[in-house]
Amino acid sequence: MRNKKIIIAGYDLSGFGGMETVCDSFVRLLRQSHPHLTVNFVFFKEGNTQVDDTWLAQHNFTRLFSGVRNTKIRRLCFAWSFARVLRNEKADIVLCLDSLSCFIASNARKFIFRKLPIYSWVHFSTHNMYKAKYICKADAHLSISTVISQQLRDMGISSEKIFTV
């Protein structure tokens with residue numbers, strides 16, 4: 001039996017904030033309790049923003065780039081590239097850190113013709129989130145608070161698909 005593989009996907013993180021700390025701690029805790037589990041990061045990079053990858057020193061990660069100017073086509077290009085990563089890595093679960101990543105992962109799953117579970121794991125209120133409706137593209141949702149859980153229910157997501165952690 002092969003080891004399970006989780007891919008955590010999201011738009012580039014700057015390297016200086018709380019999301020990086022949470023992701024790093026999450027992966028370390030997972031590896032402690034499940035040493036045969038593999039966790040890789042995939043980041044979608046737009047523009048020329050600078051990032052500090054120091055926090056990723058102990059982690060495997062891939063950064064996908066796209067020079068396409070049209071936003072909708074760029075997201076589809078990311079989905080196509082992400083589909084190749086999912087196929088090559090033989091991922092078992094995708095954990096998305098933002099709404100756009102849920103959209104990209106959902107399309108990537110269509111490209112690989114495989115029922116790959118997609119989870120959202122957003123760390124901010126959905127009220128001011130760009131394209132919050134894309135969170136609904138995930139199959140299940142990890143919520144960091146009861147407030148976010150309620151916001152997800154208000155978006156029409158079934159309570160059975162929301163797990164408050």
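Start by selecting R109, which is buried, with a relative accessible area of 12% (buried means under 20%, exposed over 50%, partly exposed in between, with a 1.4 Å probe and protein chains only). Keep in mind that this is a predicted model, where local features need pLDDT of at least 70, side-chain atom pairs count only at pLDDT 80 or more, and totals for chains, interfaces and linings use all residues. Residues are numbered from 1 along each chain as its sequence is written, and side-chain values use heavy atoms, leaving out hydrogens and water.

R109 sits in helix α3 (residues 99-112), while D139 lies in the loop between β5 (118-120) and β6 (140-143), 30 residues apart. Helices (H or I, at least four residues) and strands (E, at least two) are DSSP runs, numbered from the N terminus.

Next, pick D12. R63 forms a salt bridge with D12, at 2.8 Å between the closest N and O atoms, and R63 belongs to strand β3 (residues 60-65), 51 residues from D12. Both R63 and D12 are buried. K45 also pairs with D12, at 3.7 Å; K45 is in strand β2.

Last stop: helix α1, residues 18-33. Its buried residues are M19, E20, C23, D24, V27 and L30. Turn to the opposite face for exposed T21, L29 and Q32.

Notes: The expected span of a helix is 1.5 Å times one less than its number of residues. A salt bridge is a side-chain nitrogen of Lys or Arg within 4 Å of a carboxyl oxygen of Asp or Glu.
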